[in-house]
Amino acid sequence: MDQPAFDELSVDLRQIRAAAQLIGPHVRRTPVLSCDRLDEDLGCRVFWKCENLQQVGAFKARGALHAVLTLSGAEAARGVITHSSGNHGAALAWAATVRGIACTVVMPERTSPVKVDNVRSYGAEIVFCKRGERESTTARIVEERNPTLIHPFTDPRIIAGQGTAALELLDEVADLDVVIAPVGGGGLLSGTATTVKSMRPAMRVLGAEPEAADDAYRSLTSGVLQPAVAEPETWCDGLLTGLGEINFRILRARGVEILRVAEPAILDAAAEILHRLRIVAEPSAATVLAAVRSHPDEFRGARVGAILSGGNTDFRWLREHGG
């Protein structure tokens, strides 16, 4: 089918549906799990969309593959580059193998070893940088080598790809009242909001964010895009990046609200997912359960769709938790 055109300001449901068709042969239609005992404890019915079981262990495979498959021949021939704390880097490296092109990933020096190994396993070149210098290091390499930049979350092609997870969720589970997803840069949440609000305008869309890195909450509360927290102390390494401008505009236009969660609640939630659902969710993904637990009045009696964003972890957080 013909791919719809993208501009730098918007993403719509037609583009998300086209993305789903394009990436469908390569990504997994991840399962939706539920747990009666957990529902009893939470006071609501939760349907867990398990993107931790996606290719490369995270939802990022969707957006990265969509971006790579929609590159022109000339763009693809130059190879691709991105900056990432792990999951997007692995996703882009994997997507590059699907198309048979080169990939470079700029990663902070203190990135989790399991995420570094994940990126390296797909054959990408890794360039390490100091924390806070991801974008400047990437810009320098783009200037020197001229690869095609695939931004982790502000690229509309990325957002459209991420929105396909919610498309599957709504197709599988009827009559949800609310959908919640983690938020860092905002690619997943803005894609989710576009899908949900286009298909079910009355449905609420919420984001879960660590208190230690709460720029999305501050941005949507104030109505002005706020800077990311400098050097946040959080186990949610996948949510450290500040909210992107296009993502902020989408979330604001779609009426998305952000729920903040404390670090102990995040670690408790990650351990509970391991115990109750028998699957691994990295702390970034566990923010959704932490939010449901920490803000019970927002969910009581509701049918909740919760997107577990990824499962790539070295379990250091579990030792901190006492597990």
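Rings of Phe, Tyr and Trp (its six-membered ring) form an aromatic pair if their centres lie within 6.5 Å, and planes under 30 degrees apart count as stacked, over 60 as edge-to-face and the rest as tilted. The model used in these exercises is predicted, so that local features need pLDDT of at least 70 and side-chain atom pairs count only at pLDDT 80 or more, while totals for chains, interfaces and linings use all residues. Residues are numbered from 1 along each chain as its sequence is written, and side-chain values use heavy atoms, with hydrogens and water left out.

**Exercise 1. Aromatic rings**

Find how many aromatic pairs the whole structure holds, and classify what is found.

Solution. A search of the whole structure gives one aromatic pair. Its members are Phe315 and Trp317, whose ring centres are 6.0 Å apart and whose planes make an angle of 35°, and the pair is tilted. For the surroundings, take buried as under 20% relative accessible area, exposed as over 50% and partly exposed as in between, with a 1.4 Å probe and protein chains only. Trp317 is buried at 2%, whereas Phe315, at 28%, is partly exposed.

**Exercise 2. The neighbours of strand S10**

Determine which strands pair with S10, and in which sense.

Solution. Helices (H or I, at least four residues) and strands (E, at least two) are DSSP runs numbered from the N terminus, and two strands pair if DSSP finds at least two bridges between them. Strand S2 (residues 45–50) pairs with S10 in the parallel sense over six bridges, and Cys50 stands opposite Leu308 of S10. Strand S7 (residues 178–182) also runs parallel to S10, to which three bridges join it, and here Ile180 faces Ala306 of S10. S10 itself spans residues 303–308 and is mostly covered, five of its six residues being buried.

**Exercise 3. Arg78 in its loop**

Locate Arg78 and state which residues it touches.

Solution. Arg78 belongs to the loop between helix H4 (73–77) and strand S3 (80–83), and its relative accessibility of 38% makes it partly exposed. With contact taken as heavy atoms within 4.5 Å, and leaving out residues up to four places away in sequence, Arg78 touches Asn146, Pro147 and Thr148. A polar contact is a pair of N or O atoms within 3.5 Å; within protein, one must be able to donate a hydrogen and the other to accept it, and residues adjacent in sequence count only if both atoms are side-chain atoms. The side chain of Arg78 comes to 2.8 Å from the backbone oxygen of Asn146.

**Exercise 4. Cysteines**

Solution. A disulfide is a pair of cysteine sulfur atoms within 2.5 Å, and the structure holds zero of them. Cys44 is buried at 6% relative accessible area, and Cys103 is buried at 8%.

**Exercise 5. Thr287**

Describe where Thr287 lies and what its side chain reaches.

Solution. Thr287 is part of helix H13 (residues 283–294) and is buried, with a relative accessible area of 0%. A polar atom of the Thr287 side chain lies 2.7 Å from the backbone oxygen of Ser284. Not counting residues up to four places away in sequence, Thr287 touches several residues, among them Pro182, Cys236 and Ile266.
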